[in-house]
Amino acid sequence: MSDFLLEHCWFIPFYSLIGSFLTLPWSMRIVRQTGPRPAAYLNLLMTAIGFVHGSIAFYFIWQRQTEQLVFHWLQVADLNLTLSIELSPVSLGALEVVTGISLLAQIYALGYMEKDWSLARFYSLMGFFEAALGGIALSDSLFLSYALLEMLTLSTYLLVGFWYAQPLVVTAARDAFLTKRVGDIILLMGLVALSSYGAGLSFSQLENWASTSPLAPLTAALVGLSLIAGPTGKCAQFPLNLWLDEAMEGPNPAGIMRNSIVVSAGAYVLIKLQPVFTLSPIASDALIAIGTITAIGTSLIALAQIDIKRTLCHSTSAYLGLVFIAVGLGHVDIAFLLLLTHGVAKALLFMSAGSIIMTTSNQNITELGGLWSRMPATTSAFVVGASGLIALMPMGMFWTWQRWLNGSWKVDWWLLGVLLFVNFLSALNLTRVFRLVFLSQAQSKTRRAPEVPWPMALPMVVLTVIVLLTPLAPIRWPLWLSPTTPLANSDRAIFQYAIPLLVASGLFGCIMGATMELRRSWARPTQLYLRFFQDLFAYDFYVDKIYNFTVVWLVASLSKLASWFDRYVIDGVVNFVSLATIFGGNALKYNVSGQSQFYLLTIVLGVSFLLWSVLSGQWTIVTNYWSSLLSQ
């Protein structure tokens, strides 16, 4: 039985896909008498079956070696495209995270979207969403992973634009789709280049290929940079980070998946591509630079946000920036741990935020307050989720960073500085949000806010317990990679203070967030420099305006030039030919007499004119030739 379940793990993503198809009669309004809830129940059932199947397979995979299931798809001449599935603790563990959080998010959506008229369509899209994520978790094929990433981009577009009657939602869905497409196109170029340089189209072959690769330094750098582009868009990293902020216009249950699992899917592919980045220091340095800029910049941006979901989503970009740094440094096991600990904690925070929005019909944190006594489950979920993101013992992020800085890897001062900065700002930001939403005086929209119904409270409580158990992962995590650069004794003496410094930065951020002055929506700092920095962070360092004056202006100008050229040059030539034909025909019709002699005379005159033109040209050439001879 165990062999059967393991060998058929590839079918787990199809459970959710089947659930998505089963909801079509309700989402297409073919069945109306029962309402949309049966569609939700069918999709939930299929997700639960996939979770149970994956749990059993995950239990048995610890006793076996990593296996690959290869499906031959297309073979033409020298081209052999195979779809490879990897069965390992990492892949099945990632699949369990996908199906588990998806199951909780769908149960949560029963309460959050109870009165939405298109509930069946939402669950159909969620099934498609989960199928793409589950396939990425199991895929060992570059070709299959790219196809699944395209499915993920499409499903993100549809879920962000779910409430398509709102113009702002349509704009957000378009921007998210186009931003991801920029990275996907460059990623496809990199995958084609890999295959043309002899790399196998599976992740498990990349390490052997990279160790024997004869690529030139420039070629290796270009291939590495192209492979980074796709995950940069998927993980909302600079300069493709603005889409995640706009994607918060979609339903919150989809936002739970997007900020915990979807961004992690891009990082998951990036981690599997890590052997290619070892071929070029330029690619590794680019990963570190992108991750550092994003981690610092988005942490600052989050401080100035007043929308609760946007405050949390910029934090997502910051922690995924740390994953980019870990991959650039070759710390693959740390990157996996960061994805796990961040994913479950951020999912819990978004559940808490969705409960607040559902109860108060408001997501502006400056208009909320005093919810801790009215919504105890929501308050507990926010506190546990926030604690799981900062280095506070004994939560998961503390043990993850302790493992990163415990001397197993060579760690530079700049990395410790980045971790201290991100940890401090995260603690400060989350404490600020907690005070405004839960601890301050009750506002007009929060005086009678009740706790959420059980379909929303149950997933929050379950995920709260999971976040509390997450520290077991970094503590008991097996060493997937052996340390390659152990610290020297002098470095060990320095970095034995790293963990106390991280803890101190988190505590200092909490203390500063608890004592700083809180400003409501009508309050603005009078100091000019404070207002300048507030606007700079609140408007994302004006990156969107920079895009409007550079990339958007260039594309718009080229489009106008192409339109003018098409209208007045291409169309002008075509219109000239057509008008000449019309006028010529109208002129000739008056010379038609119906007599064959006249037609014959016309043909003779035309042929004579052509012969005269040719002979006159030849005569000119002969004359010039003889003139040159005589002059000599």
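Is Arg 174 buried, exposed or partly exposed? Keep that question in mind for a moment, everyone, and I'll come back to it.

Hello all. What you see above is a predicted model. The chain has 632 residues, and buried residues make up 51% of them. It contains 26 helices and two strands. Of the contacts with a separation of 6 or more, 81% are between residues 24 or more positions apart. The chain exposes about 29800 Å², with carbon and sulfur atoms supplying 69% of that area.

Now, back to Arg 174. Arg 174 counts as partly exposed, because its relative accessibility is 43%. Its side chain meets that of Asp 175 in a salt bridge, at 3.1 Å from N to O. As a general point, side chains of opposite charge can pair when their charged atoms come close.

How many salt bridges does a search of the whole structure find? The search finds eight. Take Arg 181 and Asp 184: their closest N and O atoms are 3.4 Å apart. These two are separated by about one helical turn, because they sit three residues apart in helix 8, which covers residues 167–196. Asp 184 is buried, with a relative accessible area of 0%.

Another salt bridge joins the side chains of Arg 310 and Asp 245, at 3.0 Å from N to O. This pair links distant parts of the chain: Arg 310 is in helix 15 (residues 308–329) and Asp 245 is in helix 11 (residues 242–246), 65 residues apart. Arg 310 is buried at a relative accessible area of 16%, and Asp 245 is buried at 9%. There is also a network, in which salt bridges that share partners join Glu 150, Arg 181, Asp 184 and Lys 234.

The largest nonpolar core has 155 residues, and Leu 322, Trp 401 and Trp 404 touch the most other members. Helix 16, residues 332–360, gives the largest share of this core, with 16 residues. What does Leu 322 contact, leaving aside its neighbours within four places in sequence? The partners are Ala 295, Leu 338, Trp 401, Trp 404, Val 418, Leu 419 and Val 422. Apart from this core lies another one, of seven residues, including Leu 300 and Phe 537.

Next, the aromatic rings. The whole structure has 19 aromatic pairs. Tyr 268 and Phe 336 form an edge-to-face pair, because their planes are at 65°, with the ring centres 6.0 Å apart.

Finally, the surface. A nonpolar patch of about 990 Å² is made by nine residues you can pick out above, among them Trp 553, Trp 564 and Tyr 568. Tyr 568 sits in helix 25, residues 543–588. Tyr 568 counts as exposed because its relative accessible area is 52%.

Notes. Residues numbered from 1 in each chain as written. Predicted model: local features only at pLDDT ≥ 70, side-chain atom pairs only at ≥ 80, totals over all residues. Heavy atoms only, no water. Patch = residues over 30% accessible without salt bridge, like charges linked within 9 Å, V, L, I, M, F, W, Y side chains within 5 Å. Areas by Shrake-Rupley, 256 points an atom, 1.4 Å probe, with all protein chains shown as cover. Salt bridge = Lys/Arg side-chain N within 4 Å of Asp/Glu carboxyl O. Helix = DSSP H or I, 4+ residues; strand = E, 2+ residues; numbered from the N terminus. Buried < 20%, exposed > 50% of the residue type's maximum accessible area, 1.4 Å probe, protein only. Core = buried A, V, L, I, M, F, W, Y, C linked by side-chain atoms within 4.5 Å. Contact = heavy atoms within 4.5 Å. Phe/Tyr/Trp six-rings, centres within 6.5 Å; stacked < 30°, edge-to-face > 60°.
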